[in-house]
Amino acid sequence: MTGGWRKPVLRHIFSVQPRLWRYGINTGQAAIVGVGATPYYFRGESAPQTIYELIGKAALAAAADAGLCITDVDGLAFYANGFEPGLLTEMLGIPEINFAATVAAQGGGSAGILDLAAMAIETGRAKAVLCIGACQQSTRRYGLTFANLVATPNGIWSRTAGLTGGPGQTFALVARRYMHKFGVRREAFAEVVMASRAYTANRPGALRRKPLSLDEYMASPMLADPLCRLDFCLETDGALAFIVTSAERARDLAQRPVYIAASAHGGSGDWGRSFFWLNMPDAMFTSAGAEHTARRLYQQAGIGPADIDVALLYDHFSPLVILQLEDYGFCRRGEGGDFVQSGAIRHNGAIPVNPHGGHLSEAYVIGMTHIREAVEQLRGTAINQIPNAQFALVTGGPAPIPVSGAILQN
Amino acid sequence: MNIEIATAPDVRDVDVPKDAWTQPFWDAAERGELLLPRCVNCGHFRWPPGPFCPRCRSQTVAWTAPGAGQIYSFTILREKKDDGSVQVIVPALIAFPGADGVRLIASIAATPIDHINIGASVELSWSPAKNASIPIFRVT
């Protein structure tokens, strides 16, 4: 029942430019050559390792994977406030740094580290950029984002309205409006979670692996109606690192290169502070705020949604997967519920989504696991390999701008 | 089964931070009036109150009553209290047809939760914080 969704008429809504050369119009000169990760731990279980120890292990593994030495690294790219470059160079004995930058975002910037790395490589500022993402939620619990915020004149409203938890509570407001506007039911959210769980059944490192039934989903306690506990992502400790270098150099290294065909961070100004603001224009309110990024990525890569073989969509909350499918043109606005319920995001569906199990079932390391999965899919080494995957879409979190995304290509 | 009633969150210990641009809102709130900042140059309502109109960049505002509000969206939170009881809190977005573009983040109170729907008309009342009156709403 999924064939009808493929190759949709939607392709023309993105003004797709003809591709000028193999790797896109103005990018593709940078490639991901190394991937490293720690095990994924439930919140608190990574102790007594510090977050810098986790980062160091991931960074060394990424260098080894690439066939490089960590001392070859001369650039650093971060997001979500980043880490201390000086401490990292001291800790790992990196001899020189020629580039160090942080995407000015939280989870929205995760895929944006590839944008920074590609810029550093394409402009010749650095030769090998180490991209790092890590979290240790025993020290900084993202689900209590609002409680941790210093109250400001513009930000006090969440507190006075009783929204003292995190983005899940405010995205519940988005989810309810979306359900109301388009007649979407919780069964659609359930399918996103069940699909993610189907993907983790065979993944030893995943934190939630037990198959999930619709009855079990419906029995899950409501945390922020209409979102139940299973609509919320995991809370994880872990670190991942990637090494980006030039396409030319990549060809001589240990792994099959994965080229950055397109990368972007930014967004529509109307999306603004997103779930901290909630005053987006009506049409944008029931979106993931990613249309602007989608357009830029497709234009850069010279392709459209029908060309994407696998989508790694930032899934902090299940409804946001559906809204991103709409923003990125995999289905029409308002049809995302029917689309996922048709089986479209499963392994043999129109657009497989998060075959690693995503934040909902594998682990939550703020978007990093999605980049790892994209690389493994394009190397052809993924556990749930999509046959002949050539293009992978990776997104950063629907969150305050800048939001981000990348299209990777083998 | 008991009918659940939405109640306002306890904000008595909340110290509302204010600045020059939000102060008039809180001053009006002390008088029991809900006023929103409207651009004198182009008529656009801006929210939250800030130094520039996002449409025309003008700075001057007229504090204007927006008229009746409606529920734009809401969520339902159930918080377990120390005595074992459960408090039902309904954070909502309140839209004002008379002030296009403004949505207040505020809670619904004193309303059975099965009366709370998107599009429902609401009336205003106030909940005391440490240094401010917080707008809350009841479905009419």
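## Two helices that cross in chain A

Let's start inside chain A, where the axes of helix 7 (residues 186-200) and helix 12 (residues 318-327) come within 8 Å and cross at roughly 95 degrees. Axes here are lines fitted to C-alpha atoms, for helices over the stretch in contact, with angles running from 0 to 180 degrees between N-to-C directions. Angles of 65 to 115 degrees count as roughly perpendicular, under 35 as roughly parallel, over 145 as roughly antiparallel and the rest as oblique. Helix 7 of chain A and helix 12 of chain A are therefore roughly perpendicular to each other.

From helix 7 of chain A, the residues that meet helix 12 of chain A are Ala188(A), Phe189(A), Val192(A) and Val193(A), and their partners are Ser318(A), Pro319(A), Val321(A) and Ile322(A). By class, the residues of this contact are seven nonpolar, one polar and no charged. Nonpolar covers Ala, Val, Leu, Ile, Met, Phe, Trp, Tyr, Cys and Pro, charged covers Asp, Glu, Lys and Arg, and the others, Gly among them, are polar.

## How to read this model

This is a predicted model, in which local features need pLDDT of at least 70 and side-chain atom pairs count only at pLDDT 80 or more, while totals for chains, interfaces and linings use all residues. Residues are numbered from 1 along each chain as its sequence is written, chains are lettered from A and ligands numbered from 1 in the order in which they are written, and side-chain values use heavy atoms, with hydrogens and water left out.

Chain B has one helix and ten strands. Helices (H or I, at least four residues) and strands (E, at least two) are DSSP runs, numbered from the N terminus. In order from the N terminus, the elements of chain B read β-α-β-β-β-β-β-β-β-β-β. The C-alpha trace of chain B spans about 55 × 30 × 25 Å along its principal axes.

## Where the two chains touch

Here 37 residues of chain B are in contact (heavy atoms within 4.5 Å) with 30 residues of chain A. Together the two chains bury about 2700 Å², with 62% of it on carbon and sulfur atoms; buried area is the accessible area (1.4 Å probe) that two parts lose on being put together, summed over both. Tyr72(B), Arg103(B) and Ile105(B) supply 23% of the area that chain B buries against chain A, more than any other three residues.

One salt bridge is counted between the chains: the side chains of Arg159(A) and Asp13(B) meet at 3.6 Å, N to O. A salt bridge is a side-chain nitrogen of Lys or Arg within 4 Å of a carboxyl oxygen of Asp or Glu. On the side of chain B that touches chain A, strand 7 of chain B gives the largest share, five residues. That side has 25 nonpolar, five polar and seven charged residues.

Over all chains, the structure holds 20 salt bridges. One joins Asp65(A) to Arg379(A), with the closest N and O atoms 2.8 Å apart. Asp65(A) lies in helix 1 (residues 51-66) of chain A and Arg379(A) in helix 15 (residues 368-379) of chain A, so the pair ties together parts that are 314 residues apart in sequence.

Chain A also has a cis peptide bond between Ala47(A) and Pro48(A), with omega about 5 degrees. Pro48(A) sits in the loop between strand 2 (41-42) and helix 1 of chain A. Another cis peptide bond joins Ile401(A) and Pro402(A), and Pro402(A) lies in the loop between strand 11 (391-395) and strand 12 (403-409) of chain A.
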